[in-house]
Amino acid sequence: MSWLVSLEGVPSAFAATRDGIDALLRDRGLRRTSPEQTATSLLRGAHASAVLEGSSSTFEEVAEGAGDAIAVDAVRVSTELLSLVPVLGRSPLQALARIHALASASSLPEERRGRPRDAASADRLRSLAEVLLAETEAPALMVAALVHADLATAAPFPSHNGIVARAAERLVLVARGVDPASLTVPEAGHLAHRAAYESNLRGYASGDDSGIHSWLLYAPEAFASGADASPLRS
């Protein structure tokens, strides 16, 4: 990822966003945060991710357990996501497979849950796992953004790839120390910039350097909006 770190405007954008997230968490860290705030962040993220996946449920419906099937799938992922932090560090493939298995629990037969679509998808997942296990000087926010975009555009699983991608992004932010208590809501950041989110994912999918560059300029803005959606702001 060394060439990505030096792209024009990218290092400064990620640094500024990280400073903003650090300030939010540091300032609020002077007071005790609660598990309830983490749970609220995860629920807000599940709702936003579900909407991006096509759900029409409101946050109130999701909070009451009355959301549609897509929302139920996203909430199911959120309830177990943080338990996968240590798994991501030692076996990224296992963590990603578990996220998909959770997301697809109500819609796919057991033998297809957590399994790649085909051999090419399995190779893509292995390459992504190698990236996550490798030492890098790239900022953690960048790693999270790249994991998200790669999963969302490669669509290596037979279903729910968007939900998996956004959950994996949040998981990387926790595992790499950006947001250890998972109090920001990156999924809500992407929903707030939905048109740009979807456009930049299409650019990333093209494989062109310009498309990747544009995604890496977009991502810090989405992360900043995700910090604004934190229950710490309430």
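**Close-up views of helix packing, a pocket and a cavity**

View 1. Volume here is the space filled by probe spheres set on the points, with grid points joined across faces, edges and corners. Lining residues, which have an atom within 4 Å of a point, number 13 for this pocket, and Leu4, Val131, Leu146, Asp150 and Tyr204 lie nearest its centre. Helix H1 (2-5), helix H8 (119-133) and H9 are the elements that give two or more residues to this lining; helices are DSSP runs of H or I with at least four residues, numbered from the N terminus. By class, the lining holds 10 nonpolar, one polar and two charged residues, with Ala, Val, Leu, Ile, Met, Phe, Trp, Tyr, Cys and Pro counted as nonpolar, Asp, Glu, Lys and Arg as charged, and the others, Gly among them, as polar.

Residues are numbered from 1 along each chain as its sequence is written, and side-chain values use heavy atoms, with hydrogens and water left out. Since the model is predicted, local features need pLDDT of at least 70 and side-chain atom pairs count only at pLDDT 80 or more, whereas totals for chains, interfaces and linings use all residues.

**View 2. The packing of H9 against H13.** Helix H9 (residues 140-154) packs on helix H13 (residues 209-228) at an angle of about 110°, with the axes 10 Å apart; axes are lines fitted to C-alpha atoms, for helices over the stretch in contact, and angles run from 0 to 180 degrees between N-to-C directions. H9 and H13 are therefore roughly perpendicular to each other, a term for angles of 65 to 115 degrees, with those under 35 counted as roughly parallel, those over 145 as roughly antiparallel and the rest as oblique. On the H9 side, Leu141, Met142, Ala144, Ala145, Leu146, His148 and Ala149 meet Trp215, Leu216, Ala219 and Phe223 of H13, contact meaning heavy atoms within 4.5 Å. The residues of this contact comprise 10 nonpolar, one polar and no charged.

**View 3. The packing of H3 against H5.** Helix H3 (residues 35-53) and helix H5 (residues 69-80) have axes 8 Å apart and pack at an angle of about 140°, and the two are therefore oblique to each other. Leu42, Leu43, Ala46, Ala50 and Glu53 in H3 meet Ile70, Ala71, Ala74, Val75 and Ser78 in H5, a contact that divides into eight nonpolar residues, one polar and one charged.

View 4. A search of the whole structure finds one cavity of 30 Å³ or more, a cavity being a set of points where the probe fits but cannot get out. The volume of the largest cavity is about 90 Å³, and among the 13 residues lining this cavity, Ala46, Ala74, Val77, Ala167 and Glu187 are the closest to its centre. H3, H5 and helix H10 (161-175) each supply at least two residues of the lining, which has seven nonpolar, three polar and three charged residues.

**View 5. The surroundings of Ala97.** Ala97 is found in helix H7 (residues 92-103) and touches Gly114 and Phe157, not counting residues up to four places away in sequence. Ala97 and Arg113, 16 residues apart in sequence, are 7.6 Å apart in space, C-alpha to C-alpha.

Technical notes. On a 1 Å grid over the protein atoms alone, a cavity is a set of points where a 1.4 Å probe fits but cannot get out, and a pocket is an open set with protein on both sides within 12 Å along at least five of seven lines; lining residues have an atom within 4 Å of a point.
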